Amino acid sequence: MMNDKLNKNIPQLRFPEFDGEWDIKTLDQITTRIGDGIHSTPEYNDNGNYYFINGNNLVDGKIEIFETTKKVEESEAIKHNRELSDRTILLSINGTIGNLAFYTNEKVMLGKSAAYLNIRNEVDKEFIYNSLKISKTQNFFFSELTGSTIKNLSLKTIRETKIPIPTPAEQTRIATFLSAVDKRINLLQKKKAQLEQYKKGVMHKLFSQTIRFKYDNGNNFPDWEEKMLGEVGIFISGIGFANIEQGGQTGIPFLKVSDMNLVGNNKKITVANNYVNIEQIERLKYKPILEDSIIFAKVGAAIFLERKRIASNFLIDNNMMSYTPKGEIKFFKHLFDTLRLSKFAQVGALPSYNASDLKTIKIRLPSKPEQQKIAKFLSSIDKSIENVGKQIEASQEWKKGLLQKMFV
């Protein structure tokens, strides 16, 4: 389908019906206008029908509205109107740099961290969108940033950004092909979202006992019993981890809140930033938690993220807590995912909770055989979600590779 070529202004990967070098144009030359949103604070109104968006609202080609996104009245939006149309690409330029979205007639008002690029009619908008995503363009953006704490991409830099550009026919051919790739990724993302929604609905029915499992012989499991978390498991708070002891690469993992974000740790802890050896354990009288347990943050803003992970044979620092259940660990992990622990936090300058705050939380608990059935069923859904997630990652990496080869 494509020929491999390599030259100064010829892409490495190209459709065979095209040849010749690409032109080099600046974004100023291929747009009718480049601007940004307002640099002041608008008059917010919770009942407004326009959303006040910034760069963080630009996600994977779409404008995303969050619970925290402010609203303004139509009159406020008109007062600060920007010339947006179906030829507009939005670009994040302050703090978060380089995020992109198409404008599709949403009722929005732009803040200063969102720039808009109105693409000329004779240029393929989708082609320019993908040109802005390639590493060469993004690297140029980052090389020209200003500001010390909060980085800023100037409109001047955007206007001067050089974009290699082929004939309109080749632009459209490339854009159409990449749109088909995006469509596959979007379908996979929808499938993943549907599976996640299905799991959420099933969990509600399982934990409310609307649906029940049975023994393999068809007999009913015993009724669920009301318990307190402290009756069916043990809470353990973390310990201090001095800087001088940190940095070890072998031994038992000493986990911090940040370790829950590491790649591969989205459900169970498999890697850590810090390990401690036997000498440290004996000298400092550390007591590793050996059994399968659930770990989570217990201090600070991290508790409101409600992240929980499974871990075994580990230590945790004093911003974390673990729960070792007397039962099927995977069932208890799913159970903990239904509990909003943050609502039990003690309010203060630094929100936190301790074991006594959580021990009295009431739950309804099935017998261990039913726990195992529930855990196995939900884990099978998790596996399906994980498999689709891997397909999405692989497709995104494939597209990323294509972008680097199909553009100059």
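Biologist: Before we look at the helices, what makes a crossing left-handed?
Modeller: A crossing is left-handed if the near helix is turned anticlockwise from the far one by less than a right angle, and right-handed if clockwise. This is a predicted model, in which local features need pLDDT of at least 70, side-chain atom pairs count only at pLDDT 80 or more, and totals for chains, interfaces and linings use all residues. Residues are numbered from 1 along each chain as its sequence is written, and side-chain values use heavy atoms, without hydrogens and water.

Biologist: Which hand does the crossing of α7 and α9 have?
Modeller: The crossing of α7 and α9 is left-handed. Here helices are DSSP runs of H or I with at least four residues, and strands are runs of E with at least two, numbered from the N terminus.

Biologist: And which residues make the contact?
Modeller: From α7 they are K330, F331, F332 and H334; α9 supplies Q371, I374, A375, L378, S379 and D382. Contact means heavy atoms within 4.5 Å.

Biologist: At what angle do the axes cross?
Modeller: The axes of α7 (residues 329-338) and α9 (residues 368-406) cross at roughly 70 degrees and come within 8 Å. Axes are lines fitted to C-alpha atoms, for helices over the stretch in contact, with angles from 0 to 180 degrees between N-to-C directions.

Biologist: Now the sheet: what is the strand order?
Modeller: The order is β15-β21-β18-β19 in an open sheet of 4 strands, with antiparallel pairing. Two strands pair if DSSP finds at least two bridges between them.

Biologist: How many bridges join β15 to β21?
Modeller: There are 5 bridges between β15 and the antiparallel strand β21 (residues 320-325). F235 stands opposite Y323 in β21.
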